Amino acid sequence: MPSVESTLLPLNWRHPYDALGTAFYTPVQPAPLTNAHWVAQNHMLAQSMGWPSSVWSSDELLSALTGNEVLQGSQPYATVYSGHQFGVWAGQLGDGRALSLGVLDTLIGPQELQLKGAGKTPYSRMGDGRAVLRSSIREFLCSEAMHGLGIPTTRALCLTGSPDRVLREEVETAAVVTRVAPSFMRFGHLQHFAANGDTASLQLLADHAITQYFPELLSLEGGPKRYTALLARVTRLTAELLARWQAVGFCHGVMNTDNMSLLGLTIDYGPFQFLDGFDPAHICNHSDHQGRYAYARQPQVAYWNLFCLGQAMLPLIEDQDMAIAALETFKTDYPLLVDLAFAAKLGLTGSRADDHTLIDALLQLLAQEKTDLTIFWRRLSHATGQLAVKSLEKAFEPVRDLFINSAPWDKWLPAYVLRLQAQDLAQTSAQMLKTNPKFVLRNHLGEQVIQQAKIGDFSGVQDLLQVLQSPFDEHPAFETWAGFPPDWASSISISCSS
Ligand code: AMP
Ligand code: MG
């Protein structure tokens, strides 16, 4: 494919894997799609990267970010990784339908741009290298929803579509998401070289990760100590991520080790779901028959995945006890982090020994009634503010109304109010409203805009993007998106098919 000079931006592409060698990647060319069109543009992200708004009106960007031409200086590549899928070693996987264009220096730091769905790569195995519009809209919106919630994630710069047909359970149309992240490195990248017994490459890759993404570790003595510190950093970032997921009710759906970011980002949005009613046993992926990735199991699975990473890094760490000590920090950090996250949702200032009991009792009563999570937390945030001007009963009435059997709630509430006693309630409420979102990407909201998009109306995607980018704001024009899910929401079936 001939490369074209960019007339819009001075794009100085860098290729981080070049220095490592072709054991780590394969140069690839995107496969064009016909009649490419914009589906959605993320102006906010482009602006934060320092791109002028004029880029969006150019055919050049549309073409380049669909994979129909390669911008000068970009040398697209796909990387190799392996991994455990559903607890079983799957061997070599790799970027089967993602190709990176390179890394750009932006106002938010160096960012790798990756096209998902731009054609086959040497790692496509039986796949077609494509992504369908339906799942690409979900990935595009959820990346930005997570970012809006303050949860670490890969980002999505834009979404383009084409009438070209892609066969899944039925015939669908093709789309390409441009993903943006400091790096798309996964646990599986390191696992790959460990599994092949290629310690030299494993070390090169670990050193690359440290130099590029964890430079603070360079001050440590090189060798096992530094690699142990890398494992401990990834463990900590993963614990922080999981605490955030659990607190907001996010289910990833496919927590395979190849879908775990080395930087602690949410990555690879497939059959994910934000819980509607609070059901800890909820399984969002219809292909997950055993419930391996059920909501409540996610932290445990994260630890299991970290353990696999630790095993892969053992040739570098050299000492099993050191690796285990680094991994064990998950078991102490995660419970503290998740309690802190829920304490923040409750508006509690300071930290008290019995906060855990208060949180646990609340989660149990929410689970008993499968109370709508997002609405519960939002109403609670408002109610706390009302407590300053209304009686306890009146202030919390909208919350109490959420329960059919309100006895457990009535029993729990006095302990909460007592805990808030010394706090400024208006301030607490304001803080809670910045912690508990009004909007999350519920399945039915995604489904609505997908159905609209399938008949060529992309306005819903763009509107939903805007709302999800600031989910703590009121957005009165979109009040219905903050409401209870309709009955049909529970029958939406999301599988690995994408
Ligand atoms: P996922 O379940 O989406 O994380 O994908 C697991 C592996 O399958 C990764 O190596 C993907 O690149 C690859 N893969 C998934 N779908 C396709 C596809 N349509 N074409 C090629 N590779 C794919
Ligand atoms: Mg994946």
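**Ligand sites and cysteines in a predicted model**

Trainee: Which residues coordinate the magnesium ion, ligand 2?

Mentor: In this predicted model, the magnesium ion (ligand 2) is coordinated by Asn259 through OD1 and by Asp268 through OD, at 2.0 to 2.2 Å.

Trainee: Are Asn259 and Asp268 buried or exposed?

Mentor: Asn259 is buried, and Asp268 is buried as well.

Trainee: Where does ligand 1 sit?

Mentor: Ligand 1 takes up the space of the largest pocket.

Trainee: And which residues around ligand 1 come nearest?

Mentor: There are 17 residues around ligand 1, of which Gly94, Gly96, Arg125, Asp128 and Gly129 come nearest.

Trainee: What lies 3.0 Å from an oxygen atom of ligand 1?

Mentor: That is a polar side-chain atom of Asn259. Asn259 also coordinates the magnesium ion through OD1.

Trainee: What about the nitrogen side: which atoms are 3.4 Å from a nitrogen atom of ligand 1?

Mentor: For Arg130, a polar backbone atom is 3.4 Å from a nitrogen atom of ligand 1. For Arg168, an N or O atom in the side chain is 3.4 Å from a nitrogen atom of the ligand.

Trainee: How much of ligand 1 does the protein bury?

Mentor: The protein buries 81% of the 480 Å² that ligand 1 exposes when taken alone.

Trainee: Changing topic, how many disulfides are there?

Mentor: The count comes to 0 disulfides. Cys284, for instance, is in no disulfide, and the nearest cysteine sulfur, that of Cys251, is 4.7 Å away. A disulfide needs the two sulfur atoms within 2.5 Å.

Trainee: What are the relative accessibilities of Cys284 and Cys308?

Mentor: Cys284 is buried, with a relative accessible area of 3%, and Cys308 counts as buried at 6%.

Note on methods. Residues are numbered from 1 along each chain as its sequence is written. Chains are lettered from A and ligands numbered from 1 in the order in which they are written. This is a predicted model: local features need pLDDT of at least 70, side-chain atom pairs count only at pLDDT 80 or more; totals for chains, interfaces and linings use all residues. Side-chain values use heavy atoms; hydrogens and water are left out. Donors are N, O and S atoms within 2.8 Å of the metal (3.2 Å for Na, K and Ca); water is not among the atoms, so sites may look incomplete. Buried means under 20% relative accessible area, exposed over 50%, partly exposed in between (1.4 Å probe, protein chains only). A residue is near a molecule or strand if one of its heavy atoms lies within 4 Å of it. A polar contact is a pair of N or O atoms within 3.5 Å; within protein, one must be able to donate a hydrogen and the other to accept it, and residues adjacent in sequence count only if both atoms are side-chain atoms. Accessible areas come from the Shrake-Rupley method with a 1.4 Å probe; for residues, only the protein chains shown count as cover. On a 1 Å grid over the protein atoms alone, a cavity is a set of points where a 1.4 Å probe fits but cannot get out, and a pocket is an open set with protein on both sides within 12 Å along at least five of seven lines; lining residues have an atom within 4 Å of a point. A molecule sits in a cavity or pocket if more than half of its atoms lie within 2 Å of its grid points.
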